[in-house]
Amino acid sequence: MTGRILEIFSSIQGEGIYAGTPMVFVRFTGCNLNCDYCDTPESQKLEKGNILTTEEIISKIEQELSLSKKTSIISFTGGEPVLHAEIISDIIHNFKSKGIKSYIDTNGTLCENFSKIVDIIDYVAMDIKLPSSCEAEFWREHLEFLKMSKNKTFIKIVLTAKTAYNEFRKAIEIIEQVDSSIPLVLQPVTVIRNIEPMPFDVVRAFRKLAEEKLANVSIIPQTHKKKGIR
Ligand code: SF4
């Protein structure tokens with residue numbers, strides 16, 4: 001089997017509730033969405049990736065793991081890594097018996113593909129994509145995706161100046177419908193191109209709204225961008 005890979009490297013997780021954790025990152029190319037705040041546009045196009053075999057990907061991950069001995073988690077990212085569920089499944093199976101855990105950063109929309117790895121993945125960082133930034137509604141897909149993975153998932157919602165109250169409230173309803181204890185991270189957008197940030201007093205108001213329904217809500221910006229780490 002082969003996969004389209006942009007890069008494999010060791011770094012520190014910069015987003016969400018595992019921010020600060022060392023991981024080996026496997027960045028696939030190709031994405032089914034086109035979010036206006038995308039900070040990895042080079043990974044959206046499938047053809048930008050190098051074609052690597054499963055064995056070549058595993059070998060590169062092993063090299064990174066041996067260089068950074070404190071790392072015991074592989075993070076699959078993109079693009080949208082769930083597009084590559086079959087090769088991810090092979091990679092996870094290879095490392096599971098060695099005590100290496102797996103993490104996936106996903107837009108939470110490709111349920112059929114995700115069903116191939118949901119039982120073996122350890123941690124799921126799932127975005128809820130809001131129509132104001134991502135061109136379409138994915139409420140049904142997000143609900144189904146979250147139902148499949150709720151015990152190992154935290155949710156991330158990127159907030160920009162365009163984020164509308166009604167769509168945010170709808171996202172909160174979906175999380176509450178599945179399990180109100182699922183952690184929710186509000187991520188104020190990292191300003192790129194012409195994307196306007198949400199004023200911080202509005203971010204706090206959105207957090208208050210979420211806390212009326214959910215037990216575990218935090219505000220965590222992209223820490224790696226602030227520190228200049230990739
Ligand atoms: S889902 Fe992720 S990779 Fe795809 S366009 Fe949106 S932010 Fe970029």
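**Burial and overall form**

I looked up burial first: 35% of the 230 residues in the protein are buried, where buried takes 20 or more other C-beta atoms within 10 Å of a residue's own, exposed takes 12 or fewer, partly exposed lies in between, and C-beta atoms are placed from the backbone. I keep in mind that this is a predicted model, in which local features need pLDDT of at least 70, side-chain atom pairs count only at pLDDT 80 or more, and totals for chains, interfaces and linings use all residues. My numbering starts from 1 along each chain as its sequence is written.

Next I checked the radius of gyration, which is 17 Å and agrees with the value near 17 Å for a compact globule of 230 residues; it is taken over C-alpha atoms, and the globule rule is 2.2 Å times the number of residues to the power 0.38. Along the principal axes, I find the C-alpha atoms filling a box of roughly 45 × 35 × 30 Å.

I count eight helices and nine strands, as DSSP runs numbered from the N terminus (helices are H or I, at least four residues; strands are E, at least two).

**The core**

Which residues have the most contacts inside the largest nonpolar core? I noted Val26, Ile74, Ile155, Ile157, Leu184 and Leu186, in a core of 44 residues. Strand 2 (residues 22–28) gives this core its largest share, five residues. Such a core is a set of buried Ala, Val, Leu, Ile, Met, Phe, Trp, Tyr and Cys residues joined through C-beta atoms within 7 Å.

I then followed Ile157: beyond four places in sequence, its contacts (C-beta atoms, placed from the backbone, within 7 Å) are Ile128, Leu130, Ala171, Leu184, Leu186 and Gln187.

**Helix 6**

Helix 6 (residues 165–178) has 14 residues and reaches 21 Å from first C-alpha to last, close to the expected 20 Å; I take that expected span as 1.5 Å times one less than the number of residues. Its buried residues are Ala171, Ile172 and Ile175. They fall within an arc of 100° seen down the axis, so they line one face of helix 6; the arc is that of the directions from the helix axis to the C-beta atoms. On the other side I see Asn166, Glu173 and Gln177 exposed. The cover over the buried residues includes strand 7 (153–159), strand 8 (184–188) and helix 7 (200–211).

**Phe114**

Last, I visited Phe114 in helix 3 (residues 111–114). Phe114 counts as buried because it has 22 C-beta neighbours inside 10 Å. Beyond four places in sequence, I find Phe114 in contact with Val82, Ala85, Phe145 and Met148.

Methods:
Two residues are in contact if their C-beta atoms, placed from the backbone, lie within 7 Å.
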